Structures are given as structure tokens and as C-alpha cells.
Amino acid sequence: MLTAMATRSSQALGEIIRHQRELAEISMRQFAELAGISNPYLSQIERGLRAPSQHVLDGIAKALSLSADALYEQAGMAPPGSEPDENPVLEAIAADPRLTARQRKALAEIYESFVASSPSGKRNSH
């Protein structure tokens, strides 16, 4: 169940990227080359199997003549850095010595996907 929730935002982002690529009438192979990534990796991103890093998303956005923030917003996600500087939940996750770096990253991503899909709004001030 947590895995399904965590991948929802990746799937939405992948669908937006695929849709924008198709609107631009660019083949997957051409688009992967423009974005500076491999064709199989682009396929995984478009199918929501992999979440692109910020660097990769910047390349994808540039190839689409969009901003990375626009892609995040179309997918219903808050762009990185748009959250308040102080977030006690993320701070607690980052500070917990019992978690590995990988576990902290995964937990933070799951938390952020929950917040982004919250019916009370993406940028709740509470």
C-alpha cells in the first residue's frame, strides 16, 4: 500500500511527460536524446516506474521547452524547494540515527507524496 502511494506522483509525472512529448510529436528515441538520457530510462519514467532526479527532470523540461516547476505543477506535485524551510516531520526523519540514508530518503519521499496528494491542499501551512 505504501509503495502504491509513493509511486502515484511518479506515475502522474510520467504521464505528463509522455503526454507533452506526444503533443510535441517527438519520438521516444529522439526525445531521450534531446533530454540526455537513455531510451529505456525515459520509458521507465513515462510509465511511472522510475522517478527522475532533479537533473534529469531539468533536461526533460528543457527538451519540452517548459520549466521543471511547470511539469511538477501539471502532475499535481509541489516543486522541490517550494515547501516551507522548516518542516518538523522531514527534520525528524533526517535526524533519526536509526535509519539509513536510503531509508530516510524513501520515508521523506513517501511523506512528500502524501502531502502533495492531500485533499486539504498541496501547500497547507499547518
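The questions and answers below walk through a predicted model of a protein, from its overall make-up to single residues.

Visitor: How many helices does the protein have?
Guide: Read from the N terminus on, the elements run α-α-α-α-α-α-α. The secondary structure accordingly has zero strands, and the number of helices is seven.

Visitor: What percentage of the residues in the protein is buried?
Guide: A residue counts as buried when its relative accessible area is under 20%. Of the 126 residues in the protein, the buried share is 32%.

Visitor: Are helices H2 and H3 roughly parallel or roughly perpendicular?
Guide: Helix H2 covers residues 28-35 and helix H3 covers residues 39-46, and the two pack with their axes 9 Å apart at an angle of about 100 degrees. Because angles from 65 to 115 degrees count as roughly perpendicular, H2 and H3 are roughly perpendicular.

Visitor: Which residues in H3 are met by residues in H2?
Guide: The residues that H2 brings to this contact are Met28, Arg29, Phe31 and Ala32. Counting both helices, the residues of the contact divide into four nonpolar, two polar and two charged. On the H3 side, the residues are Asn39, Leu42, Ser43 and Glu46.

Visitor: Is arginine 21 buried or exposed?
Guide: Arginine 21 lies in helix H1, which covers residues 2-23. Setting aside residues up to four places away in sequence, arginine 21 touches Ile26, Ser27, Met28, Phe31, Leu42, Glu46 and Leu64. Its relative accessible area is 8%, and because the cut-off for this class is under 20%, arginine 21 is buried.

Visitor: What distance separates the C-alpha atoms of glycine 48 and serine 10?
Guide: Glycine 48 lies in the loop between H3 and helix H4, and at 5% relative accessibility it counts as buried. Leaving aside neighbours within four places in sequence, glycine 48 is in contact with Ser10 and Gln11. Although glycine 48 and serine 10 are 38 residues apart along the chain, their C-alpha atoms are separated by 4.9 Å.

Visitor: Which residues beyond four places in sequence are in contact with glutamine 54?
Guide: Glutamine 54 is in helix H4, a helix in which Val56, Leu57, Gly59, Ile60, Ala61 and Ala63 are buried. Glutamine 54 itself is partly exposed, with a relative accessible area of 32%, and its C-alpha is 8.1 Å from that of alanine 68, which is 14 residues away in sequence. The residues in contact with glutamine 54 are Ala68, Tyr72 and Pro80.

Visitor: What is the relative accessibility of serine 65?
Guide: Serine 65 is found in the loop between H4 and helix H5, and its phi is near 60 degrees, a positive value in a residue other than glycine. Because a residue must be over 50% to count as exposed, serine 65 falls in that class, its relative accessibility being 67%.

Visitor: In which loop does glutamate 25 lie?
Guide: Glutamate 25 is a residue other than glycine with a positive phi, near 55 degrees. Glutamate 25 is exposed, and its relative accessible area is 73%. The loop that holds glutamate 25 is the one between H1 and H2.

Visitor: Which residues beyond four places in sequence does tyrosine 111 touch?
Guide: Tyrosine 111 is placed in helix H7, residues 101-116, and at 24% relative accessibility it counts as partly exposed. Tyrosine 111 and valine 89 are 22 residues apart in sequence, while their C-alpha atoms are 8.4 Å apart in space. The residues touched by tyrosine 111 are Asn87, Val89, Leu90 and Ile93.

Note on methods:
Residues are numbered from 1 along each chain as its sequence is written. This is a predicted model: local features need pLDDT of at least 70, side-chain atom pairs count only at pLDDT 80 or more; totals for chains, interfaces and linings use all residues. Side-chain values use heavy atoms; hydrogens and water are left out. Helices (H or I, at least four residues) and strands (E, at least two) are DSSP runs, numbered from the N terminus. Buried means under 20% relative accessible area, exposed over 50%, partly exposed in between (1.4 Å probe, protein chains only). Axes are lines fitted to C-alpha atoms, for helices over the stretch in contact, and angles run from 0 to 180 degrees between N-to-C directions. Angles under 35 degrees count as roughly parallel, over 145 as roughly antiparallel, 65 to 115 as roughly perpendicular and the rest as oblique. Contact means heavy atoms within 4.5 Å. Ala, Val, Leu, Ile, Met, Phe, Trp, Tyr, Cys and Pro count as nonpolar, Asp, Glu, Lys and Arg as charged, and the others, Gly among them, as polar.
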